[in-house]
Amino acid sequence: GYRYKHREQADSYGQGFVNFFPACVELEGEALAGCLRGLTVEEVFSAQRNSTKGILASLRANSGYLLETLEAPLAWSPIVDSAEGYDFPEEPFVAYPAGRHAKVPILLGTNTAEALLFVYNAPFKLNGLATRTVMSLIFGTFTGQTIISRYPVPGLLLDSKPVVADVLTDYQFRCPSEQFA
């Protein structure tokens, strides 16, 4: 399942986003926040999409572990950092079983099509042939074929984004939630 980023990785993603706005690049702190607040929704959405493409390209180029490329759509998510004021001091999936968590009730769950928005915002098309290939590359030949047998892909040239959304919903959201519970 999904693991949160560490601060350095999040900083890198954030800087990649800011680089799309030359007027904001040299700013820091409140001046940077003010510059970013002055952007239009269209400018922010465009930069977010383009910076996510860059994140995906970087992960592909620098990672021997292809599953990490699945993080690109979740670039804007909580981070793990032990410094005060950050979202999580350690991975929740590590802290909770070890008893290093607030002793309060937890509401845990996921939506039926949690990954659908991420998949449909992906900057590339997915047909049946591409999906079969990608599943084998990411998960290995045997596991990829097992996934395809459980999540049938439509014809080789038909849109398979709904199937990919189901796989990613289960892989990144439903299964980790069930494991955590």
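Student: Which residues are linked in a network of salt bridges?

Tutor: A salt bridge is a side-chain nitrogen of Lys or Arg within 4 Å of a carboxyl oxygen of Asp or Glu. In this predicted model, where local features need pLDDT of at least 70, side-chain atom pairs count only at pLDDT 80 or more, and totals for chains, interfaces and linings use all residues, the network joins Asp170, Arg174 and Glu178. Residues are numbered from 1 along each chain as its sequence is written, and side-chain values use heavy atoms, with hydrogens and water left out.

Student: How far apart are the closest N and O atoms of Arg174 and Asp170?

Tutor: They are 2.9 Å apart. For Glu178 and Arg174, the closest N and O atoms are likewise 2.9 Å apart.

Student: Where do these residues lie?

Tutor: Helices (H or I, at least four residues) and strands (E, at least two) are DSSP runs, numbered from the N terminus. Arg174 and Asp170 both belong to helix H8, residues 161–180, and stand four residues apart, about one turn of the helix. Glu178 and Arg174 are also in H8, again with a spacing of four residues, about one turn.

Student: Is Asp170 buried or exposed?

Tutor: Buried means under 20% relative accessible area, exposed means over 50%, and partly exposed is in between, for a 1.4 Å probe and protein chains only. Asp170 has 14% relative accessibility and therefore counts as buried. Arg174, at 30%, is partly exposed.

Student: How many salt bridges does the rule give?

Tutor: The count comes to four. One of them joins Glu30 and Arg37, whose closest N and O atoms are 3.2 Å apart. Glu30 is exposed at 57% relative accessibility, and Arg37 is exposed at 58%.

Student: How does the span of H8 compare with the one expected?

Tutor: The expected span of a helix is 1.5 Å times one less than its number of residues. H8 has 20 residues and reaches 27 Å from its first C-alpha to its last, close to the 28 Å expected.

Student: Where is the kink in H8 centred?

Tutor: The bend at a residue is the angle between axes fitted to the seven residues ending there and the seven starting there. In H8 there is a kink of about 45 degrees, centred on Asp170. Asp170 is also a member of the salt-bridge network described above.

Student: How many residues has the largest nonpolar core?

Tutor: A nonpolar core is a set of buried Ala, Val, Leu, Ile, Met, Phe, Trp, Tyr and Cys residues joined through side-chain atoms within 4.5 Å. The largest here has 15 residues, and those with the most contacts inside it are Val119, Met135, Phe139, Ile147, Val164, Val167 and Leu168. At least two residues of this core come from each of helix H6 (128–139), helix H7 (141–150) and H8. H8 gives the most, with six residues.

Student: Which residues does Ile147 touch?

Tutor: Contact means heavy atoms within 4.5 Å. Residues up to four places away in sequence aside, Ile147 touches Met135, Phe139 and Val167. There is also a second, separate core of seven residues, including Phe21 and Leu39.

Student: How many aromatic pairs does the structure hold?

Tutor: Rings of Phe, Tyr and Trp (its six-membered ring) pair if their centres lie within 6.5 Å; planes under 30 degrees apart count as stacked, over 60 as edge-to-face and the rest as tilted. The structure holds two such pairs. Phe17 and Phe21 are edge-to-face, at 5.5 Å centre to centre and with 70 degrees between the planes. Phe17 is buried, at 13% relative accessible area, as is Phe21, at 9%.

Student: Why is the pair of Phe139 and Tyr171 edge-to-face?

Tutor: The pair is edge-to-face because its planes stand at 75 degrees, with the ring centres 5.4 Å apart. This pair links distant parts of the chain, since Phe139 is in helix H6 and Tyr171 in helix H8, 32 residues apart. Phe139 is buried, with 18% relative accessible area, whereas Tyr171 is partly exposed at 23%.

Student: How many helices and strands does the protein chain have?

Tutor: The secondary structure comes to eight helices and two strands. From the N terminus on, the elements run β-α-α-α-β-α-α-α-α-α.
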